[in-house]
Every structure is written in structure tokens, then in C-alpha cells.
Amino acid sequence: MVEGVHWMIPQPALDAAGWVFVALAALTFAFCVWSLVFEAKHPVREGALSTRTTPRSRYLRSLALSAVFFTGWYLLAAVAGAVQQGGGPFAAIARVPSLMTRWDAPHYLGIARDWYVTEGDARFHIVFFPLFPLLVRAVSFVVRNAFWASALVNVLATSGALYLFDDYARSEGLGDRGARQATLNLMLYPWAFFLCAPYSEAVTLLLFTAVFFFLRRRRYLLAAVAGGLVAFTRSVGVFVAIPYAITALLDCIHSSQSVRARVLLLIRRAGIALIIPAGLAAYILVNLLVTGDPLKFLEYQSDHWSQRIGWFFETLKTTLKYTLDYDLEGIVCIWLPQLIIILAGAALLPFAVRRLKASAGLWCTVYFYFIISPTWLLSGPRYAFLMFPIAVWMAKAIHSRTAALMFNMVMLAAQVFYCVAFALGHRVY
């Protein structure tokens with residue numbers, strides 16, 4: 001069990017590439033600190049929402065976009081399945097649940113159906129956090145099919161996330177056109193199709209964007225509740241404490257109240273912030289109640305999935321190694337895209353955090369270097385999808401409409417490829 005709690009490991013010898021990677025990480029954190037100091041001295045003006053449309057119309061637009069997105073990818077999966085397995089259109093549609101329920105998806109649906117168990121292979125599924133399966137289970141009382149219950153949960157979560165993301169994009173200074181481009185950047189990301197599968201991506205994205213939405217409005221209690229829920233959905237959810245803390249600190253710095261009043265206000269908001277780690281504590285309690293060991297998930301992650309927290313530059317070396325020496329399917333579906341994400345993320349984050357608010361920039365930085373630190377990382381591109389502020393930065397960085405169109409076309413082609421590969425059972429994790 002001691003080995004399961006593997007948050008720090010002895011530092012290995014760094015080669016030249018490792019030092020460059022560490023230097024990029026240090027530069028990114030330095031820019032985050034610079035942004036924080038700048039915002040402490042100069043309050044940042046928030047962008048304004050569009051006055052042309054009402055909140056209701058914006059949400060309905062997000063709901064329609066989500067419905068089209070889900071329908072399109074389910075039809076694509078049906079066509080891919082029909083080409084592979086044959087049969088008529090009705091048989092193709094009937095195969096969609098099985099085509100989209102791949103890899104971790106059956107584990108989530110199994111938890112929704114049977115909760116956590118302590119025997120057989122299903123005992124290892126306690127490593128998957130509970131909120132998404134609980135939502136699927138609740139909807140299953142109305143929608144009697146577990147897959148379609150998860151699809152309803154995800155389409156509603158995605159529509160809510162898109163509505164809140166549009167608000168976030170505008171708070172970063174984007175107008176109508178820029179916000180639309182940011183939404184395209186987000187939804188055309190090659191691994192965005194995981195929103196349509198029985199995974200927790202949609203719920204996590206909704207709760208991440210909700211935290212920023214409520215922080216923008218200084219609704220600290222609601223932001224902390226959303227943070228606690230996302231910490232009950234994914235382990236990385238606790239990192240929303242970063243934007244919460246930065247927003248609360250800057251508010252107190254810029255407040256015109258007395259020093260004593262500001263200190264008391266900061267203490268009160270720090271107390272409210274305890275709701276965020278309470279979500280993770282609740283998951284640990286589930287481990288205790290089910291298995292008798294509050295840290296059983298760490299043991300299973302280490303022993304069954306070979307996952308521990310390591311050094312991010314070691315992950316780069318491992319990914320590069322297998323990109324050059326693995327079977328073709330593994331290279332195309334796992335290692336090469338993961339290598340691209342790691343290198344692009346490390347190279348572009350220093351530029352991104354300079355254009356984002358300090359709360360978003362530091363959150364993205366910590367999130368990125370944490371998700372690429374596992375010792376046997378296979379899902380780096382999927383994890384990176386949830387860094388939604390990067391889609392806003394890209395909308396700011398790509399000024400040419402032609403360049404934006406070409407970029408989106410490349411992303412769409414990649415998403416089609418990996419969605420089809422996922423539906424056909426290839427190793428797209």
C-alpha cells in the first residue's frame with residue numbers, strides 16, 4: 001500500500017530532452033506567476049456577454065449543437081459498423097450502443113447497474129469515480145437502457161457545458177465570432193467524440209466550466225459545490241481549487257474594505273473552499289465502505305493498471321520510445337497522438353498562459369503536467385481535451401479565417417478517423 005501512494009519518486013537522470021522539457025515547464029509556471037502579480041496590481045476587465053441573444057436562446061442553441069454532434073457521431077459509428085459487419089440500416093443503428101461502449105465504458109455502465117463489487121475483475125472498477133455512474137443509474141429509472149441513459153446524461157451535460165463555455169469565452173474578451181470559433185476549436189478536437197461515449201468527459205467538462213462560470217459571478221458557494229462534484233467525478237477535479245483560490249485572493253486584494261474585513265472575507269471563502277476536496281474525500285469514503293481500505297483505488301491503479309504518479313519528462317521518454325518501436329495500430333492510435341499532445345502542450349502553454357487570466361493559466365498548467373505524469377499513460381489526448389481554456393486561446397491566436405478554417409478541417413478529419421477507429425474496437429483510449 002505504501003507503494004500505491006506514489007506521489008513522489010526519486011529523480012532519475014535527466015538527458016538533454018528532459019532538461020528542455022523541465023525548462024519549458026518552469027517557464028510556463030513563471031509566466032503564470034507573472035500574470036498573477038500583474039492582475040494583483042491591475043484588475044482585469046471582464047468581457048461582456050452578447051446583448052443580441054437571451055440566455056434561453058443561447059442554451060437552446062447549445063442544446064441543438066449537442067444533439068447534432070451526438071447524432072452525427074452515432075450515425076458515423078453505425079455506418080462504420082455496417083461496413084465492417086454488414087446488415088441493413090436498422091441493424092446498423094441497433095449496433096450503435098455496442099460500438100460506442102468500448103474500453104472503460106462497460107466499467108462505468110457496470111457501476112451504474114451493480115455499484116462497486118468486491119469480487120472478480122469488476123472489483124478493480126473502484127478506480128472509476130462515482131458521480132457519472134450515479135447519474136446514469138438515476139436516469140436509467142426512466143430510460144431503461146443503460147447506454148441510452150448515459151447518452152441522455154452526456155447530451156444534457158454537453159449542452160450545459162457549451163452554454164457555460166460560451167460565457168467563459170466572452171469573459172476572456174472574445175466577441176460573437178471569436179466565441180463561435182472557440183466552440184469549434186473545442187468540439188472539433190479529435191478526442192471530443194468521447195463526449196458521446198459512456199465516459200465521464202461530458203459531466204467533467206460541465207462541472208469544470210460551471211466552476212469558472214460561478215467564479216466569474218463571485219458565487220463562491222456554488223463554485224465550491226461544482227468543484228466538489230467534479231472532485232467526485234475525476235481525481236483531477238480537486239485542481240479547481242486553484243482558480244477558486246486565485247479569484248478569492250484577487251478579490252480581497254482589489255476590495256476597498258478594511259484590511260480586517262478583507263482578511264475575514266478571505267477566511268470565510270477559504271472555509272467554503274473545503275467543499276472542493278470534500279468531493280475527493282467522499283470518494284475515499286466509498287473506497288472504505290466497499291473494500292475496507294480508503295486507498296484501495298491507488299493499490300489497484302498500481303498493481304492492475306501499472307499506474308503511479310511519476311515524472312512528466314519520463315512519460316515523454318516512454319511515449320517517444322513506443323512511438324518509434326510498437327505495432328502500427330498502437331503507434332497510430334496511442335503513442336503518436338500522445339507524443340504530439342505532450343510536445344505541443346509543453347511548447348504552446350507558455351504562449352497560452354500569457355493570453356489567459358491567471359486563474360485559467362495556472363489551472364491549465366497544473367492540470368497538463370499532472371495528466372502527463374502517470375507511469376503508463378495511454379489516454380493523454382483524451383485527458384487534454386478537458387483543458388477548455390486552450391480552445392479560447394487558440395481562437396485569440398489564429399486571426400486569419402483561412403487559417404482557422406484549415407485548422408478546423410484538419411481537426412475534423414482527425415476526429416472522424418479516431419471516432420471510427422474507436423467504434424471498430426481499435427485501441428483509442
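This is a predicted model: local features need pLDDT of at least 70, side-chain atom pairs count only at pLDDT 80 or more; totals for chains, interfaces and linings use all residues.
Local features need pLDDT of at least 70 and side-chain atom pairs count only at pLDDT 80 or more, while totals for chains, interfaces and linings use all residues. Residues are numbered from 1 along each chain as its sequence is written, and side-chain values use heavy atoms, without hydrogens or water.

**First stop: two helices.** Select α11 (residues 241-254) and α17 (residues 358-371); their axes come within 8 Å and cross at roughly 155° (helices are DSSP runs of H or I, at least four residues, numbered from the N terminus; axes are lines fitted to C-alpha atoms over the stretch in contact, with angles from 0 to 180 degrees between N-to-C directions). That makes α11 roughly antiparallel to α17, a word for angles over 145 degrees. Now show I242, P243, I246 and T247 of α11 with A358, S359, L362, W363 and V366 of α17, which make the contact (heavy atoms within 4.5 Å).

**Next: W363 again.** W363 and F388 form a tilted aromatic pair, 5.6 Å centre to centre with 50° between the planes (ring centres within 6.5 Å, using the six-membered ring of Trp; planes under 30 degrees apart are stacked, over 60 edge-to-face, the rest tilted). W363 counts as buried because its relative accessibility is 0% (buried means under 20%, with a 1.4 Å probe and protein chains only).

**Last stop: another pair.** Pick Y168 in α7 (residues 146-171) and F212 in α9 (residues 201-216), 44 residues apart. Their rings are edge-to-face, at 5.6 Å and 70°, and both residues are buried.

Key
Angles under 35 degrees count as roughly parallel, over 145 as roughly antiparallel, 65 to 115 as roughly perpendicular and the rest as oblique. Buried means under 20% relative accessible area, exposed over 50%, partly exposed in between (1.4 Å probe, protein chains only).
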